Structures are given as C-alpha cells and as structure tokens.
Amino acid sequence: MYLYDHPGGKYVLEECRGKEIGKYFYGAYSLDDNIKVHKHSFVAGKIMKKIAIAKLKLPMDIDNMVTFGGEGKGDGRDHSHELYNGHFKVTRKDEIFKGVYRVTFSNENNHYKIVLPGTSTFGRHYLIHSESQKVSRYYTICNSMNSEIYPVYINNIDRLIGNSRDEKLSLDNVDDITESLQLTIKFYEQSRKGLTRLLANVQDEDEFLVSKPMGKGLDLSADSITGTNLVFLGGTGVLPFLDFFVFLARMIISEKSPSDKIINNEEFEPFFKHSSFKVYAYYPNANEAVALDLLVKISDLFSHFKEEERFSFTPVFTRQGGDRLNDQKIYEFLDQASRASDLKNIWVCGPPKMNNMFQRLRKTIERKYEGSAVDIM
Ligand SMILES: Cc1cc2nc3c(=O)[nH]c(=O)nc-3n(C[C@H](O)[C@H](O)[C@H](O)COP(=O)(O)OP(=O)(O)OC[C@H]3O[C@@H](n4cnc5c(N)ncnc54)[C@H](O)[C@@H]3O)c2cc1C
C-alpha cells in the first residue's frame, strides 16, 4: 500500500484522506508546524497519476468559463483535460488594501466570464505557475473583488438598506466577458522566494501559466449545509468565501425584495432557506481588512431584513485589542452555535497558526458535534 511508501510519511496521507490536497501537493502550504513545505517533483506527479482512483470533472458552467480564442484550439485534439490555457502577462497591479494587490493577468487569446449566476466557482482557485522560476501557487477565484463588480454590490446594498446611493446598478449591465483575469493577492515583505514574491517584483516580460479552475469547491448540497455553519477566516482568507457571501446577499435580496434583484436570471438554491452562516474574520486592523466594507454591508443587509440569524459577520481586529482564538473560545463559539440548530460545517481559512489550531482539534470537534465537519481550506 502506498501509505507506507510515501516519502513524506503516512501521517500526511492519513490527514489528507478525502480532502482536497492540491495546495500541499503543489507546495506553499504545510499541513502542520512540524512538517516543512514540500515541493513535489515531476516523478511524484507521475506516481500520483498512476495511483489516482478518479479524476474530478469540472461542472459544465466552469468549463465554459474560459473560452479558448487561439492557442490550442482547432487542432482536432481534445484539450479539455489540459491544465493551462496559454501564457499570461501581468498588465496591472493596484494596491487596494495595505499590502494587498489586485493583480491583472492578461492574455488576448482567452476570454473570461466574470459574472456567473451559479455556485460552482465558490471555493475553487487557479494555479498560477511560472515556468522560468518553476514555482506555483493557488489563488482564489474571487469575482466580487473585480474592480467593476465590487462597486455594483456596494451601491446596490447601500441603496437597499437606505444609505444615500441612488443608482440601481445591475450586474446584467456589467460587461462580463473580459480578456483579463483579476486576482487579489497579498504580498508578504518577508517572503524571499515563491510565486507571490515573483509577482511582487514582476517584470514586463515575465510570463505565467494559469490553470482552469481547480479544487473541489464548496459543498453546497442541501444535505451537507442544512443547519448552522461556522466560518473562521483570517486576513486574505476571506477571499475564498467572498463570492459565496455575496451570493447569499443576492439570494436574500431576491427573496425579500425581488424587484431589486442584482442578477435577473438568479435561481434559488435549495439550501438557502434552511441554513445559517456565522462568520468570524480576524484581521490585524481595519486598514488591512480585505473586503471589510462589503462584508459589513452584507451583514447589515441581513439585519435590515431581520434575518441576522441566517448570516452574521463579526470582524475581530487583533492588533486593536481583539482576542485571538484559543481552544476555549473555539468551543464557546461552537457550543453557542450548536444550541440554535445542528452544527454542520466549520470552514477555516486563515494564517497557519489559526489553521493548525483547527487541524489539531478537528477529530475531537467532529466527535463532539455529531454530523459536523471541519474543513480547513
Ligand atoms: C485555497 C486557498 C486559496 C487562497 N487564495 C488566496 C488569494 O487568492 N490571495 C491571497 O492573498 N491569499 C490567498 N490564500 C492565502 C490565505 O488566505 C492566507 O495566506 C491566509 O489566510 C493568511 O492571510 P494573511 O496573511 O492576510 O493573514 P495575517 O494578516 O497573517 O493574519 C490575519 C489575522 O489572523 C490573526 N490570527 C493569527 N492566528 C490567529 C488565531 N489563532 N486566532 C485568531 N486570529 C489569529 C492575526 O493576528 C491577524 O490579525 C489562499 C489560501 C487557500 C488555502
């Protein structure tokens, strides 16, 4: 059994069983403080392909999200399995929060749909790869951070909850097919190598490969999220969930005030009426808080409709006196949430210290709260 042949030991495989392991496989993340980040070799990739039991097929709407314009098209071969869609250059970088940049990747041969009505992109990511430097990293699909779309959401919610904006902007008016892909990326001063460092110092001639959307995405089947869901996020860890939270905002608007719908052909998802989401986001301070204004507005929107039980957002500013999580606090949150209805998902996406804490408690939590699942992104 490969468990015993794995050069990184069996612990890693056991901990990853049934999980999405791309981020560990491609490097840049460690499962545990005691395990060094490992960059898998070409040979490891071949072994993985040999022992894989199946390959996940992307939902159709995601597959259609990227359309080939030139490269790789029309040669009669099936390209659907290919990871990369051509070479991209970084054409723009804008600092949108302290240390966090909106990075625009462009490739005139590819066109992206940036407004998708469904849920299938949520929690998925692109793998960006530099061939020259041989480094890769996951970055989240976060369409709501797009420079054209973000203000549409802010404006619409503001108008609905009675703040002064007056235009009614619909996403149907946003040009949703673009040649460029905007990703939101935090640059860490201390990082000396890796893809984020490369992007921080990107040169005009640098080229990158971008994968099709990857990962298993959020499981939004009614069975798995009917009940109370807790979400613990840290810093840019809000990004993998932002499109989903915005989607919840669109749903509550469609339900409570249908004439104000932001997307006309929006359809209700079966889970929406019977699940609630309590979000705790840990930021150093308000100036470094990615998407804080949008998240606060979404929570104001639910309060406006007196539906704060269905979505609440609590930001905690750790450098301004806010308490970090510890075991006791985590159990307090879980106990409190489980009193209202069955605890379902505990989603976590934060800095390693936060993730490791949940990794350590995962099995105990899942035993204590029957039917719950801790998922560390
Ligand atoms: C699938 C996936 C996709 C990702 N996509 C992106 C992306 O597109 N762009 C991007 O920039 N990053 C992305 N990341 C990276 C990830 O979101 C961040 O590395 C991580 O969330 C840390 O963010 P940060 O550096 O902003 O946090 P920090 O600023 O280091 O920390 C945020 C806050 O958490 C607090 N904190 C630390 N430990 C604890 C604790 N135990 N309890 C409570 N609070 C604590 C800190 O005090 C701080 O206030 C992705 C990660 C994954 C897994």
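The legends below describe close-up views of a predicted model. In this predicted model, local features need pLDDT of at least 70 and side-chain atom pairs count only at pLDDT 80 or more, whereas totals for chains, interfaces and linings use all residues. Residues are numbered from 1 along each chain as its sequence is written, and side-chain values use heavy atoms, with hydrogens and water left out.

**View 1. The shell of residues around the ligand.** There are 26 residues around the ligand, and T140, T184, K186, Y188 and T318 come nearest, where a residue is near a molecule if one of its heavy atoms lies within 4 Å of it. By residue type, the shell divides into 13 nonpolar, nine polar and four charged residues, with Gly counted among the polar ones and Tyr among the nonpolar ones.

**View 2. Polar atoms facing the ligand.** A polar side-chain atom of Y188 lies 2.6 Å from an oxygen atom of the ligand, while a polar backbone atom of G234 is 2.9 Å from a ligand oxygen atom; a polar contact is a pair of N or O atoms within 3.5 Å. For P284, a backbone N or O atom lies 3.0 Å from an oxygen atom of the ligand. Taken alone, the ligand exposes 1,000 Å², and the protein buries 90% of that, the areas coming from the Shrake-Rupley method with a 1.4 Å probe.

**View 3. H304 and its contacts.** H304 touches L160 and I161, not counting residues up to four places away in sequence, where contact means heavy atoms within 4.5 Å. Although H304 and I161 are 143 residues apart in sequence, their C-alpha atoms are 6.3 Å apart in space.

Key:
Polar contact = N/O pair within 3.5 Å; in protein donor to acceptor, adjacent residues only side chain to side chain.
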